[in-house]
There are 2 protein chains.
Amino acid sequence: MKVFITGGGGMLGHRLARALATRGKLVDESGTLQAITQIKVFDTGFPAERDARLVYVQGDLAAPGALADAMDADTDTVFHLAAVVSAGAEAEFDLGMRINIEGTRTVLELCRRLNAPPRVLFTSSVAAFGGAMPDVLDDATTPTPQSSYGTQKVIGEYLVNDYTRKGFIDGRSMRLPTIVVRPGRPNLAASSFASSVLREPLNGEISKCPVADSTGVWLLSPARAIDAFMHAHDLPAAAWGSYRVVNLPGITATVREMVDALGRIAGRERAALVQDVPDERIRAIVKTWPTKLRTPRANAMGFKADPDIEAVIRAHIADHDIKL
Amino acid sequence: MKVFITGGGGMLGHRLARALATRGKLVDESGTLQAITQIKVFDTGFPAERDARLVYVQGDLAAPGALADAMDADTDTVFHLAAVVSAGAEAEFDLGMRINIEGTRTVLELCRRLNAPPRVLFTSSVAAFGGAMPDVLDDATTPTPQSSYGTQKVIGEYLVNDYTRKGFIDGRSMRLPTIVVRPGRPNLAASSFASSVLREPLNGEISKCPVADSTGVWLLSPARAIDAFMHAHDLPAAAWGSYRVVNLPGITATVREMVDALGRIAGRERAALVQDVPDERIRAIVKTWPTKLRTPRANAMGFKADPDIEAVIRAHIADHDIKL
């Protein structure tokens, strides 16, 4: 099977590519495990450390023809992860529309023209929800995004649904919780604190937390997200039915719960590196986010959340060989 | 105030334009009734009988520049009705995407660049709903369209919401019930029977009904639809809040109820002109449509349904000077 990953240079995309290379197999449409013969990653840039098992193609989703040239006609599976992220799509509206809507349409149109309808895995986001919401969201909650990013992701879901209904692709959309712990450095995203509050203290650095410690986060670890992508792919079409969107399971942890768990695992001194530095702008954004979801559909389909926040922290420590 | 109507040559668009010309006023953003100084209708074609109070501009939403040339920079209000209809968007997928998604994006981008953010009224549809649904839908029901047309309308709603949130426009989307009685001839739309079952007998012609007489239709008369467009425009932004979509009120009538009402108003002989000619293809489509909605949001905002099916029939008779 030939696999193509847009956004294959990003944190999740590259990790997915390596996980697929290690696994070496995916379920085909007949339900049989088949060997993966090629994994092509497409992005504007890639990590310095390349993986010899992957085919790297540098290109821009917004450039006419770049993606068309890159995607082989006998591609079986497309993971479409490329996106302008939330803060970016909010700051640069036109760029967000170009990549997150036009880019997604370009991907779907190319998929439609492959030799056979491919499986298409689309990463949507819990940013589909926002504003006035019930305390606990569920599978029936109507998306009311409060950001251009969330809007564009919901539009992508509807396109994936309709391309699937028409038989052009076999599409599946997953609404991802906030990914915790992201590796790397703090960034301008309003959600940056959710990883920083754990990551920086584990690196022995101070973490400035802009939100109240009662703030809840709906979260999923990178490893569980990758598991979800592969599980979403391997499920038979019948398991998805006619509505090809799923709210992935997650867990809810408050900042206080994260810091307490950090203290239990890494010691009080590291936990004390989290400093309270209120930022009203970030608080205002974060308070419009959902913090709790019931996900019976995903659970029935076999998707798994992390067991608890301690497991998320321990996985990050193991992934990055952090010495305590 | 300057008004611009896309799809202004269509049945609803042209009727709206004439109603606005007769009314002569719209509420501006300060809540004051202002005189309408221009009503421009944009479409690929127009009724033979022109109205001297309107400015007609022939053009194609898909043609680069046609709309940009037509829309004055000091336009205050845009009614965006132009669309490839349901059967058309299903038969010609690419055309539907080009007009219903790219065309809507073109309209919104032009609106964003006017001298001041205009009010934008977008006609969505009850085709937003379909497939597995509760018996009675309500304002919390998540759209699950089962057609490309419905998908494209829902995507338009999300775009209108986000352009509004960004302050580019003051947008309002209305999900229209099936419009009954449409003037004209039967067409290939699966919903054609809903008007035909009344219109043809009133014209003394046979009507072939493809669905069971227990089939329900969620409907609104053309006159009430026009009232709704103007009411949606005149409401203050605060009445809409941050979610700019409303399910318009309608009434549910079964085919049997329509034919019975027709008999009471126009006599048994006309009612007997409705013949049962089952069409499984149309039955299969129609059975995925919602037939009953609770619309508390629209009701609270002051939108009005027709009082009953008899009133709908009498309005059609009066509109078209039909002699009984």
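Colleague: What makes chain A agree with a compact globule?

Modeller: The radius of gyration. A compact globule of 324 residues would come near 20 Å, and chain A of this predicted model has 19 Å, so the two agree. Along the principal axes, the C-alpha atoms of chain A fill a box of roughly 55 × 45 × 40 Å. The secondary structure of chain A comes to 13 helices and 14 strands.

Colleague: What share of chain A is buried, and what share of its contacts join residues at least 24 apart?

Modeller: Buried residues are 48% of the 324 in chain A; the cut-off is 20 or more other C-beta atoms within 10 Å. Counting contacts in chain A between residues at least 6 apart in sequence, 76% join residues at least 24 apart.

Colleague: Which residues have the most contacts inside the largest nonpolar core?

Modeller: They are A:I5, A:V197, A:M258, B:I5, B:V197 and B:M258, in a core of 172 residues. Take A:I5: leaving aside neighbours within four places in sequence, A:I5 is in contact with A:G13, A:L16, A:A17, A:V41, A:F42, A:F79 and A:L81. In soluble globular proteins, nonpolar side chains tend to be buried together.

Colleague: Why is strand β7 of chain B called largely enclosed?

Modeller: Seven of the seven residues of β7(B), 119–125, are buried, so the strand is largely enclosed by the rest of the structure. B:R119, B:L121, B:T123 and B:S125 point one way, B:V120, B:F122 and B:S124 point the other way, and all are buried. In a regular strand the side chains alternate between the two faces of the sheet.

Colleague: Which strands does β7(B) pair with?

Modeller: Strand β6 (residues 77–80) of chain B pairs with β7(B) in the parallel sense over four bridges. Strand β8 (residues 170–176) of chain B also runs parallel to β7(B), joined by seven bridges. B:L121 has a bridge partner in each: B:F79 and, in β8(B), B:R172.

Colleague: What makes β9 and β13 of chain B edge strands?

Modeller: Each pairs on one side only, β9 being 178–179 and β13 being 251–254. They belong to an open sheet of three strands with the order β9-β11-β13 (chain B) and mixed pairing. Strand β11 (residues 216–220) of chain B pairs with β13(B) in the antiparallel sense over four bridges; in β13(B), B:T254 is the bridge partner of B:G216.

Colleague: How do you know that the peptide bond from A:V180 to A:V181 is cis?

Modeller: Its omega is near 5°. A:V181 lies in the loop between β9 (178–179) and α6 (192–202) of chain A. In chain B the peptide bond from B:V180 to B:V181 is cis, with omega near 5°, and B:V181 is found in the loop between β9 and α6 (192–202). Most residues other than glycine have a negative phi, and most peptide bonds are trans.

Colleague: What is the phi of A:D321, and why does A:D321 count as exposed?

Modeller: A:D321 has a positive phi of about 50° although it is not a glycine. With 6 C-beta neighbours inside 10 Å, against a cut-off of 12 or fewer, A:D321 counts as exposed. A:D321 is found in the segment after α13 (309–319) of chain A. In chain B, phi of B:D321 is near 50°, a positive value. B:D321 is found in the segment after α13 (309–319) of chain B and is exposed, with 6 other C-beta atoms within 10 Å.

Definitions and conventions
Residues are numbered from 1 along each chain as its sequence is written. Chains are lettered from A and ligands numbered from 1 in the order in which they are written. This is a predicted model: local features need pLDDT of at least 70, side-chain atom pairs count only at pLDDT 80 or more; totals for chains, interfaces and linings use all residues. Helices (H or I, at least four residues) and strands (E, at least two) are DSSP runs, numbered from the N terminus. The radius of gyration is taken over C-alpha atoms; the globule rule is 2.2 Å times the number of residues to the power 0.38. Two residues are in contact if their C-beta atoms, placed from the backbone, lie within 7 Å. Two strands pair if DSSP finds at least two bridges between them. A nonpolar core is a set of buried Ala, Val, Leu, Ile, Met, Phe, Trp, Tyr and Cys residues joined through C-beta atoms within 7 Å.
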